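Please have the sequence and the structure open as you read.

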Amino acid sequence: GLLYREQMVEWAYRIVDHFSIPRHTVGKAFTLLDRYFIHHPRYSVKTFRLVAVTCLFITAKLNHLRGSAHEPSSSSSSRGTIPSPPPPGLLKATTLVDLSRGEYNLPDLTKMEHHILTTFQYRIHPPTSYCFITHLLHLFPFGSHGLLQRVGDIALFLAELAVCCPYYTTCPPSD
């Protein structure tokens, strides 16, 4: 479990950085993944990967539709294994299928997308640590912008790291 999660989180961050998708998309995707596996606790490694990729696809699509502000890309790949990026923020299902190297196909991805969406009755916008951090930062006075920027950067970095750690997935959600 832990190794696969870390690998998929790292892979997801590389994908969103390459395609200029906001990094908080990964946190949203793995929140969705964790919620999905509460309802479906038995799964194979292949299913875990498919659900992770599908959750990333769903959240990337939602960010693109909502017109989210894009964060600057912090890394890029020069290995040639990732195709040229489409317009910023747009991640195509066919691209994700190509990146799976034959592990799954387009019908697998679209079927899983439908299954995830129906599992949650299309309620897929839970609050995330990113949401809390950004809302809390807006409560601080404007005069402390430099300090506020540093605190925000550190908090968001720690939130990104927490996505890798399965410990936080076992904590019950707040009511």
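Is Tyr 36 buried or exposed? Tyr 36 counts as buried, because its relative accessibility is 5%. Here, buried means under 20% relative accessible area, exposed means over 50%, and partly exposed is in between, with a 1.4 Å probe and protein chains only.

A word on the model before going further. This is a predicted model, in which local features need pLDDT of at least 70 and side-chain atom pairs count only at pLDDT 80 or more, while totals for chains, interfaces and linings use all residues. Residues are numbered from 1 along each chain as its sequence is written, and side-chain values use heavy atoms, with hydrogens and water left out.

**The overall picture**

The protein has seven helices and zero strands. Helices (H or I, at least four residues) and strands (E, at least two) are DSSP runs, numbered from the N terminus. Of the 175 residues in the protein, 38% are buried. Contact means heavy atoms within 4.5 Å. Among contacts with a separation of 6 or more, 76% are between residues 24 or more positions apart.

**Helix α2**

Helix α2 covers residues 24–39, which makes 16 residues. From first C-alpha to last, α2 reaches 24 Å, close to the 22 Å expected at 1.5 Å a residue; the expected span is 1.5 Å times one less than the number of residues. The helix is mostly covered, with 12 of its 16 residues buried. Among them are His 24, Lys 28 and Asp 34, along with Val 26, Leu 32 and Leu 33.

Phe 30 is part of α2. With a relative accessible area of 2%, Phe 30 is buried. Leaving out residues up to four places away in sequence, Phe 30 touches Arg 5, Met 8, Val 9, Ala 12, Ala 52 and Val 163.

**The nonpolar core**

In soluble globular proteins, nonpolar side chains tend to be buried together. A nonpolar core is a set of buried Ala, Val, Leu, Ile, Met, Phe, Trp, Tyr and Cys residues joined through side-chain atoms within 4.5 Å. The largest one has 40 residues, and the members that touch the most others are Trp 11, Val 26, Phe 30, Leu 56 and Ile 116. At least two residues of this core come from each of α1 (2–18), α2, α3 (45–66), α4, α5 and α7 (145–164). Helix α3 gives the largest share, 10 residues. Ile 116 touches Leu 32, Tyr 36, Val 51, Thr 54, Cys 55 and Ile 58, again not counting residues up to four places away in sequence.

**Aromatic rings**

Rings of Phe, Tyr and Trp (its six-membered ring) pair if their centres lie within 6.5 Å; planes under 30 degrees apart count as stacked, over 60 as edge-to-face and the rest as tilted. By this rule there are four aromatic pairs. Phe 37 counts as buried because its relative accessibility is 10%. Tyr 36, Phe 37, Tyr 43 and Phe 48 form one aromatic cluster.

Arg 35 lies over the face of Phe 120, at 4.3 Å from the ring centre. For a charge to sit over a ring, NZ of Lys or CZ of Arg must be within 6 Å of the ring centre and within 35 degrees of the ring normal.

**Residues in the loops**

| Residue | Relative accessibility | Class |
|---|---|---|
| Ser 100 | 10% | buried |
| Ser 20 | 24% | partly exposed |
| His 40 | 25% | partly exposed |
| Tyr 122 | 51% | exposed |

Ser 20 is in the loop between α1 and α2. Its phi is near 55°, a positive value in a residue other than glycine. Tyr 122, in the loop between α5 and α6 (129–137), has a positive phi near 65° and is likewise a residue other than glycine.

His 40 sits in the loop between α2 and α3. Beyond its neighbours within four places in sequence, His 40 is in contact with His 115 and Thr 119. His 40 and Thr 119 are 79 residues apart in sequence, with 9.6 Å from C-alpha to C-alpha.

Ser 100 belongs to the loop between α4 (93–99) and α5 (106–119). A polar atom of the Ser 100 side chain lies 3.2 Å from the backbone oxygen of Tyr 104.

Technical notes: A polar contact is a pair of N or O atoms within 3.5 Å; within protein, one must be able to donate a hydrogen and the other to accept it, and residues adjacent in sequence count only if both atoms are side-chain atoms.
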